[in-house]
2 protein chains.
Amino acid sequence: MAANPPLTGGALTQARILDAAARLMSSIGITRTTTKEIAREAGCSEATLYKHFRDKEEIFVRVLHERLPPFAEMLAELPAQAGSSTVAAHLTEVARAAVPFYRRAFPMAGAVAASADLLAAHRAKLDLAVAGPHMPSAHLAEYLRAEQALGRISAAVDPAALAMLLIGACFHRAFLTLFFDGGEELAGAEQVRAAVRVEQDEQFVLATVRALLEPVAQG
Amino acid sequence: MAANPPLTGGALTQARILDAAARLMSSIGITRTTTKEIAREAGCSEATLYKHFRDKEEIFVRVLHERLPPFAEMLAELPAQAGSSTVAAHLTEVARAAVPFYRRAFPMAGAVAASADLLAAHRAKLDLAVAGPHMPSAHLAEYLRAEQALGRISAAVDPAALAMLLIGACFHRAFLTLFFDGGEELAGAEQVRAAVRVEQDEQFVLATVRALLEPVAQG
């Protein structure tokens, strides 16, 4: 496989600016990530930054699109894997990828959801059928439907609802662990950590998949 | 029961400012909600606003604490109801309350999560053991544990994992419906709406609770 040619000129500058913005957004937060800070981190002038991007919003939306691990793409390949390995193994793999993905995406998604303008810009730029925020659960539902057709999960359950349970739990966990991150000095931190199981992603993943696949109804 | 005495003086002004801020945060978004806009909406001067609040951040954190429906409190009463009605009915009630609660909370929670400073201010002010963002699933897990002790759900499942599945699905749905809200003009909007079931909260609630309680494993 041929490697991509190295970036040069304007494309290289753009890539440096987007990388710098992504680093700042994760470290100091999106509201403190100004064009001035981004330019400093990228080692260019603000004038250069504005030659490549209209405004801070355009940079945020580009980072959201281009600097996150390709989670929806990974899930797009899942339906073709129905029948292989076990259902539990596939769901475990999904949850293992989903938690860190959403933890990285959350501060950006949060800032976007908090601003009507940013949200409109983001929506307009997204190819919804490929990268819409509903696509991970849509792909997962398609996979579960295929497993249902193969008789590997009960015909009685709703694949879309199951998919939303798993993706939703990972999404919420990402928010909780972000919220309590670095919370050592908090009153009641021990209790919180026990409840949220902050440092035990793997335990969360296994318990969640087990809860999803084991019969709950008594008898 | 005696009614609370009506607010007067400074307390009334503070309440007006918080109500105005809550309205603006939901309508124009948190980034466009400036102290100038809040003062205008509350019918007071910016000077008056600053007599009652240190800055915009303090107003946001107060709104987050005092102007949201008391969802965690509702769930705190759930464990005592184990054994009454049916498990499905209780979970349905939880999901019906959770979706609109998180839809209202999301823009504020998102803005808070996007800013390291706001997050620290919010965490410091929260009584984590009462109103921490992990409390809804902690209360729900306690309820499920009580139902387990009564033999109304299988002893084999993990109540904490089940609780996180249900709360997480509602939290994620709130984000998705916010994201696609007013998205009539979007390309592929029909397809998106079908996948997200935007206008069908009740269908989401029933399908999710059913998926949670029905055996998934084949055979």
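**Ground rules**

I noted that this is a predicted model, in which local features need pLDDT of at least 70, side-chain atom pairs count only at pLDDT 80 or more, and totals for chains, interfaces and linings use all residues. Residues are numbered from 1 along each chain as its sequence is written, chains are lettered from A and ligands numbered from 1 in the order in which they are written, and side-chain values use heavy atoms, with hydrogens and water left out.

**Chain A as a whole**

I began with the elements of chain A and found 12 helices and 0 strands. Helices here are DSSP runs of H or I with at least four residues, strands are runs of E with at least two, and both are numbered from the N terminus. I then asked how much of chain A is buried, and of its 219 residues the share is 51%. Buried means under 20% relative accessible area, exposed means over 50%, and partly exposed lies in between, with a 1.4 Å probe and protein chains only. Next I looked at contacts in chain A with a separation of 6 or more: residues 24 or more positions apart account for 67% of them. A contact means heavy atoms within 4.5 Å.

**An annotated stretch**

I checked the UniProt record, an unreviewed entry, and it gives residues 34-53 of chain A the annotation "DNA-binding region". UniProt positions are given in the numbering used here, feature names are shortened, and annotations may be inferred rather than shown by experiment. In the model, that span is 75% helix and 0% strand, and its end C-alpha atoms lie 13 Å apart.

I stopped at A:T33, in the loop between α1 (9-27) and α2 (35-42) of chain A. Is A:T33 buried or exposed? It is buried, because its relative accessible area is 0%. Leaving out residues up to four places away in sequence, A:T33 touches A:A21, A:L24, A:M25, A:I28, A:I38, A:K56 and A:F60.

I moved on to A:R62, in helix α4 (residues 56-66) of chain A. A:R62 counts as buried because its relative accessible area is 15%. With residues up to four places away set aside, A:R62 touches A:Q14, A:L18, A:F53, A:R67 and A:K125. I also compared A:R62 with A:A21: they are 41 residues apart in sequence and 9.8 Å apart in space, C-alpha to C-alpha.

Then came A:S85, in the loop between α5 (71-76) and α6 (87-114) of chain A. A:S85 is not a glycine, yet its phi is positive, about 45°. A:S85 counts as exposed because its relative accessibility is 52%. I looked up B:S85 too, and it has a positive phi of about 45°, in the loop between α5 (71-76) and α6 (87-114) of chain B.

**Helices of chain B**

I checked the length of helix α9 (residues 135-149) of chain B. Its 15 residues should span 21 Å at 1.5 Å a residue, and its end C-alpha atoms are 21 Å apart, so the two agree. The expected span is 1.5 Å times one less than the number of residues. Among the buried residues of α9(B) I listed B:M135, B:H139, B:L140, B:Y143 and B:L144. After α9(B) comes B:G151, with a positive phi near 80°.

I then turned to helix α1 (residues 9-27) and helix α4 (residues 56-66) of chain B, which pack at about 90° with their axes 10 Å apart. That angle makes α1(B) roughly perpendicular to α4(B). Axes are lines fitted to C-alpha atoms, for helices over the stretch in contact, and angles run from 0 to 180 degrees between N-to-C directions. Angles under 35 degrees count as roughly parallel, over 145 as roughly antiparallel, 65 to 115 as roughly perpendicular and the rest as oblique.

**Where the chains meet**

I followed helix α12 (residues 201-213) of chain A to helix α10 (residues 159-180) of chain B: their axes come within 9 Å and cross at roughly 80°. Therefore α12(A) is roughly perpendicular to α10(B). A:F204, A:A207, A:T208, A:A211 and A:L212 meet B:A161, B:L162, B:M164 and B:L165 there.

My last stop was B:E214, in the segment after α12 (201-213) of chain B. Leaving aside neighbours within four places in sequence, B:E214 is in contact with A:A156 and A:V157. B:E214 is partly exposed, with a relative accessible area of 26%.
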